Amino acid sequence: MWPHLATSTALQAALLLLPATTWVALFVGRRYSTREYSGSFLAYVWQFQASLLLNVVLRNTGAWDFRSGGPLFLGVPIDLMMGQGILLGGVNALLLRRVRFAVQFAVAVAALVLVYCLSPIVVSWPVFGLGLAAISLLVVAPALKLAEWTADDRRVVMRSLLQSANWVCLLFWLFPSAVLWNSGGSWQPFLGRAAWINALYLMPMLIPAGLVANALRQFAVEGEGTAFPYDPPKRLVTGGVYAYLSNPMQVGICLSMAWWGIVLESLLLSLSACVMVFLFAVFKDICNGSCAIGERDPNWATYQKEVPRWIPRATAWVPPAQGYHSSAS
């Protein structure tokens, strides 16, 4: 057992360190554009989170299990998932940037087969083919498309939807799972309730969720951009909820997290909303893609002055000089 475990641990370390070193070298080399690096990062985030979530599901349904001497998150080796995300998402999106999507996808699937079939890390595969197909279609393909559309500045609505799914997974599954895991909590209070009770619990979240959804829509439709700081809107967004509030995403996220802690019966998770408010207030100009818009649009300063960040206006704000548009994030 121990020699096999040692081999597994060493392989996991290699599967993380080698892709990570390659990825860092690609960033340091600066051979690609900002949009290409942004797409690479977003592909990694999707790969890591979606693969981690799907592997948790597959493991719990008996598709396969893991033999690991490294750190586990909900029974899944976290270092393997990070390495897989970097290799198949971040590195693949850059190194194979100029080739057809089918080639990128084929290379990624071949790498998956090598790791999941031939390594000592994954064991017991009663429905291995089905699991591998699920990872390929739900994890690999969307990540590579997200990187491609971001790099090429195409399909703004689709890439906005994929980015939104990224943040939803982070805020409402990965981050809460980490908080619960480290505080001795679990998902049992939520999973153990009747569906109709959970529906009542979740109804108040429709308000902050609506704020965020409308803000993302305005960014994509009116501003032709997304909420990611390095893929921001091209014009000042003042329609929809932005006519009343200049920080609807931040407000919606903080309110959602505060209530999500109540739904999951986790005080720490609710308190994290207070930390988020502090961070959003202190670091409001860090990685702010709207700064460039502020330099171009004469309405920017007026908008920032007259539209509150945290408490909405009573009436919709109207630009004093029509014809100018640009992003408030």
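# Helix packing and confidence in a predicted model

Helix α4 and helix α5 (residues 128-152) pack at an angle of about 140°, and their axes are 10 Å apart. The structure is a predicted model. Its mean pLDDT is 86, with 90% of residues reaching 70 or more. Helix α4 also packs against helix α3, and a search of the whole structure finds 14 salt bridges.

**Helices α4 and α5**

- The crossing of α4 past α5 is right-handed.
- On the α4 side, the residues that meet α5 are Phe 101, Gln 104, Phe 105, Ala 108, Val 109, Leu 112, Val 113, Tyr 116 and Cys 117.
- On the α5 side, they are Phe 128, Leu 132, Ile 135, Ser 136, Val 140, Ala 141, Leu 144, Lys 145 and Glu 148.
- By residue type, this contact of α4 with α5 has 14 nonpolar, 2 polar and 2 charged residues.

**Helices α3 and α4**

- Helix α3 covers residues 78-95 and helix α4 covers residues 101-118; they pack at about 160°, with axes 10 Å apart.
- That angle makes α3 roughly antiparallel to α4.
- Helices α3 and α4 cross in a right-handed sense.
- From α3, the contact uses Leu 80, Met 81, Gln 84, Leu 88, Asn 92 and Ala 93.
- From α4, it uses Gln 104, Ala 108, Ala 111, Leu 112, Val 115 and Tyr 116.
- The residues of the α3 and α4 contact comprise 9 nonpolar and 3 polar, with no charged ones.

- Arg 97 pairs with Glu 36 in a salt bridge, where the closest N and O atoms are 2.9 Å apart.
- Arg 97 sits in the loop between α3 and α4, while Glu 36 belongs to helix α2 (residues 34-60), so the pair ties together parts 61 residues apart in sequence.

**Confidence along the chain**

- Confidence is highest in helix α8 (residues 195-202), at a mean of 94, and lowest in helix α12 (residues 291-296), at 64.
- Residues 1-6 have pLDDT below 50, and this stretch has 5 contacts in the model beyond near neighbours in sequence.
- Residues 323-329 also have pLDDT below 50, and that stretch has 36 contacts beyond near neighbours in sequence.

Notes. Residues are numbered from 1 along each chain as its sequence is written. This is a predicted model: local features need pLDDT of at least 70, side-chain atom pairs count only at pLDDT 80 or more; totals for chains, interfaces and linings use all residues. Side-chain values use heavy atoms; hydrogens and water are left out. Axes are lines fitted to C-alpha atoms, for helices over the stretch in contact, and angles run from 0 to 180 degrees between N-to-C directions. Helices (H or I, at least four residues) and strands (E, at least two) are DSSP runs, numbered from the N terminus. Angles under 35 degrees count as roughly parallel, over 145 as roughly antiparallel, 65 to 115 as roughly perpendicular and the rest as oblique. A crossing is left-handed if the near helix is turned anticlockwise from the far one by less than a right angle, and right-handed if clockwise. Contact means heavy atoms within 4.5 Å. Ala, Val, Leu, Ile, Met, Phe, Trp, Tyr, Cys and Pro count as nonpolar, Asp, Glu, Lys and Arg as charged, and the others, Gly among them, as polar. pLDDT is the predictor's confidence in each residue, from 0 to 100. A salt bridge is a side-chain nitrogen of Lys or Arg within 4 Å of a carboxyl oxygen of Asp or Glu.
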